Amino acid sequence: MGATGMSAGKICNRNVTTTHRDSTIREAAQLMRTHHVGCLVVTEEKSGITEPVGILTDRDIVMEVIAEEVDISAVTVGDIMSYALLKVQESDSIIETAQRMRARGVRRVPVVSDSCELIGIIALDDILGLLSEELSMLARVTSREAEQEQKKRA
């Protein structure tokens, strides 16, 4: 199965760093540093399911807190996180996922199960890496075809 036929659930990173709305900005920043990530998925427990309700990026912290000179102790994750959260189903194709990401202008998207439970996250870089591998393989096929043709003529 080629990359274009793969599902979001197959390529998503299932090791997602999460936080809650009431976490402090300092706690969020420390989590990002500890886990070497540029975003945190903000979750909430609903009927025993861990559901993504927002996303906080390192850029959000810079633009909403530091650049605005807001007292870091005066705000929480819930105050600055993105609430208009794009989520994709684990069965959505990579192409559908990429199209939805492009339409919303987001680089990262949580992947959820049918019950909206968080199962992973996909970054634009993940999709680009997968597609570039596939394009590289196709390029090798083309050059191999030319080699075979030269051998036949020799």
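The questions below ask how terms apply to this predicted model.

In this predicted model, local features need pLDDT of at least 70 and side-chain atom pairs count only at pLDDT 80 or more, while totals for chains, interfaces and linings use all residues. Residues are numbered from 1 along each chain as its sequence is written, and side-chain values use heavy atoms, with hydrogens and water left out.

Q: What confidence does the protein have on average, and which elements have the lowest and highest mean pLDDT?
A: pLDDT is the predictor's confidence in each residue, from 0 to 100. The protein averages 90, and 95% of the residues score at least 70. Helices (H or I, at least four residues) and strands (E, at least two) are DSSP runs, numbered from the N terminus. Where pLDDT is low, the predicted coordinates should not be read in detail.

Q: Which residues is Thr-57 in contact with, leaving aside its neighbours within four places in sequence?
A: Contact means heavy atoms within 4.5 Å. On that basis Thr-57 is in contact with Met-32, Gly-38, Cys-39 and Arg-108.

Q: What makes the pairing of the three strands mixed?
A: Two strands pair if DSSP finds at least two bridges between them. Two bridges join β1 to β2, and these strands run parallel. Eight bridges join strand β2 (residues 39-46) to β3, and these run antiparallel. The open sheet has the order β1-β2-β3, with mixed pairing. Its edge strands are β1 (18-19) and β3, each of which pairs on one side only. Helix α2 (residues 25-35) packs on the sheet and touches β1, β2 and β3; its direction makes about 115° with that of β2. Axes here are lines fitted to C-alpha atoms, for helices over the stretch in contact, and angles run from 0 to 180 degrees between N-to-C directions.

Q: What joins the side chains of Glu-45 and Thr-50?
A: A polar contact of 2.6 Å joins them. The term stands for a pair of N or O atoms within 3.5 Å; within protein, one must be able to donate a hydrogen and the other to accept it, and residues adjacent in sequence count only if both atoms are side-chain atoms. Glu-45 lies in strand β2 and stands opposite Thr-50 in β3.

Q: How do you know that the buried residues of α5 line one face of the helix?
A: In helix α5 (residues 94-104), Ile-94, Thr-97 and Met-101 are buried. Seen down the axis of α5, the buried residues fall within an arc of 65°, so they line one face. The arc is that of the directions from the helix axis to the C-beta atoms. The face turned away from the buried side carries the exposed residues Arg-102 and Ala-103.

Notes
Buried < 20%, exposed > 50% of the residue type's maximum accessible area, 1.4 Å probe, protein only.
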